[in-house]
Amino acid sequence: MSHTYIPEKYKSLLSVKDTEAAIVLIKRTFERRLAKALNLSRVSAPLFVESGTGYNDDLNGTERAVSFDIKETGTEAQIVHSLAKWKRHALKEYGFAPFSGLYTDMNAIRRDEEMDNIHSIYVDQWDWEQVVTREARNFAYLKKTVRGIARALTGTLAVCQKAYPALRAVEIEPKVTFVTSQQLEDKYPQLTPKEREDEFVKKYKTVFIMQIGGKLKSGVKHDGRAPDYDDWKLNGDLMVWNSVLNRAFELSSMGIRVDSESLLSQLKTAGCEDRLRFPFHRMLADGALPLTMGGGIGQSRTCMLIMGKAHIGEVQVSIWDKDTIAACEKAGIELL
């Protein structure tokens with residue numbers, strides 16, 4: 001069910017024309033800074049992958065992929081949910097060295113996505129992946145990488161504020177505070193996972209919540225994660241406080257990827273050992289793919305944040321239900 005939150009007295013800081021120009025500036029600036037911070041090269045990426053290969057991202061394991069048959073090959077393809085698995089194979093095929101990697105524009109259709117201020121069935125993000133060594137599969141390297149992404153974000157904000165003085169009202173805390181999902185549960189046992197995020201991020205402004213996917217001491221998960229890309233002990237979400245929406249705002253899900261040992265363990269925990277029949281998973285289990293870390297960074301969400309927008313439809317073109325359209329029209333929110 002869709003839900004649109006209208007901030008009190010909300011008014012866009014930029015006109016539609018300036019918004020479109022600022023989107024270009026934000027995307028160009030951020031991707032350059034991200035590439036420099038993480039030593040990444042831009043590559044081309046697929047919009048769809050062949051079904052049955054295991055390359056599509058299963059997200060939480062319940063989302064339905066958009067699929068279609070291909071006349072010439074007689075096979076079925078799926079629109080990607082993300083490129084979490086494809087990227088790792090690409091790093092091997094392209095011969096990237098340790099501590100270098102790739103990034104790309106990822107465009108997806110998530111037909112089961114809810115519709116609200118920050119969710120759309122159209123997903124656009126910078127997907128990135130970097131080769132790491134076994135010695136770098138630790139919290140220290142994870143945190144170093146997160147800080148690099150945060151610097152790219154605040155640097156992009158500064159560039160945009162210079163070009164559009166109205167955006168000086170937007171603030172992003174440059175210091176990242178790190179916390180595990182279990183520490184959040186211990187601190188706020190009476191709250192739901194999303195309420196814990198809001199409470200903690202409101203206080204510290206820029207937060208990386210680590211170790212997402214496995215069950216907490218309470219027996220529930222902080223949030224769902226597919227068992228076959230992130231190592232649940234070495235992953236997390238980068239969140240900032242969104243003062244327009246008055247809530248924690250996820251910009252990126254990322255992590256150090258599974259090795260053979262953590263893959264087999266997480267597949268067993270999730271009851272998904274049947275995935276070992278897929279070519280991608282067999283390569284992972286056999287250690288035939290490089291050790292990597294990576295993630296996705298929301299392009300529309302980054303634009304929303306930097307421009308102080310209230311709805312993701314102000315920075316991307318998508319399809320909306322009639323209730324969302326009516327609520328935005330009434331509030332003067334211009335959907336692209």
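Predicted model: local features only at pLDDT ≥ 70, side-chain atom pairs only at ≥ 80, totals over all residues.
Student: Hi! What is the strand order in the open sheet of 3 strands?
Tutor: The order is S2-S4-S3, and the pairing is antiparallel.

Student: Which strands stand at the edges?
Tutor: Those are S2 (48-50) and S3 (67-69). Each has a single partner strand, so one side of each is left without a neighbour in the sheet. Neighbouring strands here are turned by 30° against each other on average, direction ignored.

Student: And how many bridges link S2 and S4?
Tutor: S2 and S4 (residues 76-79) pair over 3 bridges. As one example, Glu-50 has Ala-77 in S4 as its bridge partner.

Student: New topic! Which residues touch the most other members of the largest nonpolar core?
Tutor: Trp-128, Ile-149, Phe-208 and Met-307 do, in a core of 56 residues.

Student: Which element gives the most to this core?
Tutor: Helix H3 does, with 9 residues. There is also a second, separate core of 20 residues, including Tyr-55 and Phe-280.

Student: Okay, now helix H5. Which of its residues are buried?
Tutor: Arg-196, Glu-197, Phe-200 and Val-201 are the buried residues of H5.

Student: Why are they on the same side of H5?
Tutor: Because they cover an arc of only 115° around the axis.

Student: What covers them?
Tutor: The cover includes strand S7 (177-180), helix H4 (181-187), S8, S9 and S10.

Student: How far apart are the end C-alpha atoms of H5?
Tutor: They are 17 Å apart, which agrees with the 16 Å that its 12 residues should span at 1.5 Å a residue.

Student: And what follows H5?
Tutor: Lys-205 does, and its phi is positive, near 75°.

Key:
Residues numbered from 1 in each chain as written. Heavy atoms only, no water. Pairing = 2+ DSSP bridges. Helix = DSSP H or I, 4+ residues; strand = E, 2+ residues; numbered from the N terminus. Axes fitted to C-alpha atoms, helices over the stretch in contact; angles between N-to-C directions. Core = buried A, V, L, I, M, F, W, Y, C linked by side-chain atoms within 4.5 Å. Buried < 20%, exposed > 50% of the residue type's maximum accessible area, 1.4 Å probe, protein only. Expected span 1.5 Å × (residues − 1). Arc of directions from axis to C-beta. Contact = heavy atoms within 4.5 Å.
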